Amino acid sequence: MGEVKVGVEGKRLFEEFSAGYYGLCTIGGMLSAGTTHLAITPLDVLKVHMQVNPVKYHSISSGFSTLWKEQGPSSLWRGWSGKFFGYGVQGGCKFGLYEYFKKLYSAVKVRVQTQPHFAKGLADGFPKLYASEGLTGFYRGLYPLWGRNLPFSMVMFTTFEHSVDYIYCHVIQRRKEDCSRAQQLGVTCLAGYAAGAVGTILSNPADNIVSSLYNRKADTVLQAVKDIGLVNLFTRSLPIRMTLVGPVVTLQWFFYDTIKVLSGLPTSGGLRRGLEEAI
């Protein structure tokens, strides 16, 4: 590994690639993903309503107004526990495995958000879903869920790595190790937003299909595609998803790398740095 500049990274709590390092990355991923997804719960609630009922909820401003008037302000926070704990666990695994290899919650979350009388959260949501639909209820739309999350994660991490490498090489034109903490975190934010934007566009069709299946608007993937329409698969709810996912992914990377920096570790990303260390 290259020489560590004390002024940039300070004293390390753990050595890179040690067991403690991977544990810290997992905890950082849990905190960054859980808190950011919790913060944007109202936007996520509206997004799902716009996907399921695009005629009634046709824009962000009118959608919020309709939800507020018809269901009250508490409706905007439905499914918060599923998002916080579910995405927290997902973030821990995702970022932990990301460093190492360099969805049960969604079913309840969507049902709680779009069906006001179904449940208040995870505590009563899981038993009710199991009682009404059995184990299959948790896996409704599992394949399109994988079709959304797996490509999104792969594209997000790949885009992030290439974006970091591009910014250091062609924009800043300095090595990461020669940049200050603030500069490194700035690069993290820029690359994070690019990663979120590209991943959002790619995963939008699967996200619409998942919402349709979980809310019984369709029984199969083919029926959902037929009902939604090919063009709408790529365009429906895309603006609000871009509003949601771009900042969320940016904040996730920012919180994640802030935890690493405060622990004396370098920020994430940079293909050239990894190649140099491997050589």
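Here is a short chat about helices and contacts in this predicted model.

It is a predicted model, where local features need pLDDT of at least 70, side-chain atom pairs count only at pLDDT 80 or more, and totals for chains, interfaces and linings use all residues. Residues are numbered from 1 along each chain as its sequence is written, and side-chain values use heavy atoms, with hydrogens and water left out.

Me: What makes α3 roughly perpendicular to α9?
Reply: The axes of α3 (residues 41-52) and α9 (residues 181-214) cross at roughly 80° and come within 9 Å. Axes are lines fitted to C-alpha atoms, for helices over the stretch in contact, with angles from 0 to 180 degrees between N-to-C directions. Under 35 degrees is roughly parallel, over 145 roughly antiparallel, 65 to 115 roughly perpendicular and the rest oblique, so α3 counts as roughly perpendicular to α9.

Me: Which residues make that contact?
Reply: K47, V48, Q51 and V52 of α3 meet D207, N208 and S211 of α9, where contact means heavy atoms within 4.5 Å.

Me: Why is M242 called partly exposed?
Reply: Buried means under 20% relative accessible area, exposed over 50%, and partly exposed in between (1.4 Å probe, protein chains only). M242 has 25% relative accessibility, so it counts as partly exposed.

Me: Where is M242 found, and what does it touch?
Reply: M242 is found in helix α12 (residues 238-262). Leaving aside residues up to four places away in sequence, M242 touches A197, T200, I201 and P247.

Conventions: Helices (H or I, at least four residues) and strands (E, at least two) are DSSP runs, numbered from the N terminus.
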